[in-house]
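Here is a short tour of a protein chain for someone who likes to know how each value was computed.

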Amino acid sequence: MKASVMLNAAAMPVTPALVLRPWGVEDVAAVVAAYQDPVLRRWTSSRVETEADGLRWVRAQQRGWATGKRFSFAILDAHSRPAFRQVVGNIVVKDVAPGKPFAEVGYWTVAHARGRGVAAGALEVVTRWAFDTFGADGLERLELLHQVDNPASCRVAQKSRYELDVVLPPAPPQYPLDGHLHVRTHAEVDDDVPPVL
């Protein structure tokens, strides 16, 4: 799949307008800045501390698009002038394969964007895109996982109508606590029902 997809999330009463596009080398500084946040570092396995780390991270996202298995989008505020749009997060659809009925979604937001509905708005748009793009290849279900001590991710899942499916046991060392597995199915995506943000 070509990495030229651009998605738009319209502003809602509790969410800003957003633009989602694949990551590019112009985003390296924004990635490095985002990863300075201790809250973000707590929930991600990547370590990005230098410009070289940031470039490796961006290149890894680009390889995901090239292989057609991982589709990571930079989330930007939808400023009217593209040159002034700021990166406010990341959202990814991963482990996509033809004939495979499920894939996983994940996201993070930068510190100053939290609590503004950015993750929920981006998740709604990416959910629809994923089912529209991969549904004909067999994608029936998107899964969202988070550790139980991450209530913000749980709220994002609930706002985006990802139902809690099961509580997963710990898997140390990477997942030392129980996890929540939230699910949304292709059948549940209905263009006439707006998300509860």
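A residue is called buried under 20% relative accessible area, exposed over 50% and partly exposed in between, with a 1.4 Å probe and protein chains only. By that rule, 47% of the 197 residues in the chain are buried. This is a predicted model, where local features need pLDDT of at least 70, side-chain atom pairs count only at pLDDT 80 or more, and totals for chains, interfaces and linings use all residues. Residues are numbered from 1 along each chain as its sequence is written, and side-chain values use heavy atoms, with hydrogens and water left out.

The radius of gyration, taken over C-alpha atoms, can be set against a globule rule of 2.2 Å times the number of residues to the power 0.38. For 197 residues a compact globule would have a value near 16 Å, and the chain agrees because it has 16 Å. Its C-alpha trace spans about 40 × 40 × 35 Å along the principal axes.

Helices (H or I, at least four residues) and strands (E, at least two) are DSSP runs, numbered from the N terminus. The chain holds five helices and eight strands.

Strand S8, residues 179-185, has six of its seven residues buried.

| Partner of S8 | Sense | Bridges |
|---|---|---|
| S6 (residues 141-147) | antiparallel | seven |
| S7 (residues 163-168) | antiparallel | five |

Leu142 sits opposite Arg184 of S8, while Val166 faces Leu181 of S8.

Conventions
Pairing = 2+ DSSP bridges.
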